Amino acid sequence: MKKIGFLSFGHWNPSPQSGTRSAADVLHQTIELAVAAEELGADGAYVRVHHFAQQLGSPFPLLAAMGAKTNRIELGTGVIDMRYENPLYMAEDAGSADLISGGRLQLGISRGSPEQVIDGWRHFGYAPAPGETEADMARRHAEVFLDMIEGKGFAQPNPRPMFPNPPGLLRLEPYSAGLRDRIWWGAASNATAEWAAKMGMNLQSSTLKVDENGKPFHVQQAEQIRAYREAWKEAGHAREGRVSVSRSIFALVNDQDRMYFGRQGGQDQFGVIDQYRAVFGRSYADEPDRLIEQLRQDEAIAEADTLLLTVPNQLGVDYNAHLIESILTHVAPGLGWR
């Protein structure tokens, strides 16, 4: 069985044609969509994180609110850019949000994607150490964060504290047991996927990947997943690592669907991003029967255990709930996912 969730980019725009004209609209509607997706039987509600943009920027208040309004659905990010993060403060925020949700957070973290401003992390007070790249800095922040959420004491207590301390070194609070196993790394290359496996993180792979051999996107992504699983096995972790892939998939079941997405689909695209040659995965949009046949050919979807459906959040909660329901009802059973 596969888990199926949604991934929202959290856009807003003051245009009269937009269903999300403000940050408040996006925040409230994301909570409402998580509630609706849970009622429909979906497994996950994930959000993108971007700074200096009219998109969701600070995920933990939103994740906490989603956790308070839902009961079962997984709540996650795809991804938090670790170049911008204070890993200790982030550990406290993550622990709080995870406890509010009852242990349902699935946090995707990574080096991040190209941002709206030049070296935006510098405005947040961070800079690579001598000899480091910004990617190195992101991994360093991630490693500290992973250590913090283990819940081990590390800080020497004050001998005259304001409140009584437990014995021994102190850890960050609140601590949420099990969160360490629910951290995901967003990997764009095979090498970073293998590093994530060695670190004991789950793998998130999006619709963009470093082009490593010129093969179709879904084939390269499947190769990445297999490399991750092999590295995980070699690391000897006690549990199984999870893998998610994201896709733009639209089942055309009514005239409105055909109006919005009838001309989408097509082929993979190759280009350059952040000075790397990359391959961008195609979108899928078709009648359910034809969609099932197309998705059966996607090797990466077959390899992954979690599928995240990217949703056009500016079209509103009701329509996005319809898109999710269409996949769960008309497509997922035909692929043996339910």
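I began with Phe-52, which counts as partly exposed because its relative accessibility is 42%; here buried means under 20% relative accessible area, exposed over 50%, and partly exposed in between, with a 1.4 Å probe and protein chains only. I then looked up Phe-124, which at 40% relative accessibility also counts as partly exposed.

I kept in mind that this is a predicted model, in which local features need pLDDT of at least 70, side-chain atom pairs count only at pLDDT 80 or more, and totals for chains, interfaces and linings use all residues. Residues are numbered from 1 along each chain as its sequence is written, and side-chain values use heavy atoms, with hydrogens and water left out.

I found seven aromatic pairs in the structure, where rings of Phe, Tyr and Trp (its six-membered ring) pair if their centres lie within 6.5 Å, and planes under 30 degrees apart count as stacked, over 60 as edge-to-face and the rest as tilted. One of them is the edge-to-face pair of Phe-52 and Phe-124, with 6.1 Å centre to centre and 75° between the planes. This pair links distant parts of the chain, 72 residues apart: Phe-52 lies in the loop between strand 2 (44-47) and helix 2 (59-69), and Phe-124 in the loop between helix 4 (120-123) and helix 5 (134-148). Helices (H or I, at least four residues) and strands (E, at least two) are DSSP runs, numbered from the N terminus.

I next noted that Phe-250 and Phe-261 are stacked, at 3.8 Å centre to centre and 0° between the planes. Phe-250 sits in strand 9 (residues 249-251) and Phe-261 in helix 8 (residues 255-261), 11 residues apart. Phe-250 counts as buried at 6% relative accessibility, as does Phe-261 at 5%. Finally, I recorded that Phe-250, Tyr-260, Phe-261 and Tyr-319 form one aromatic cluster.
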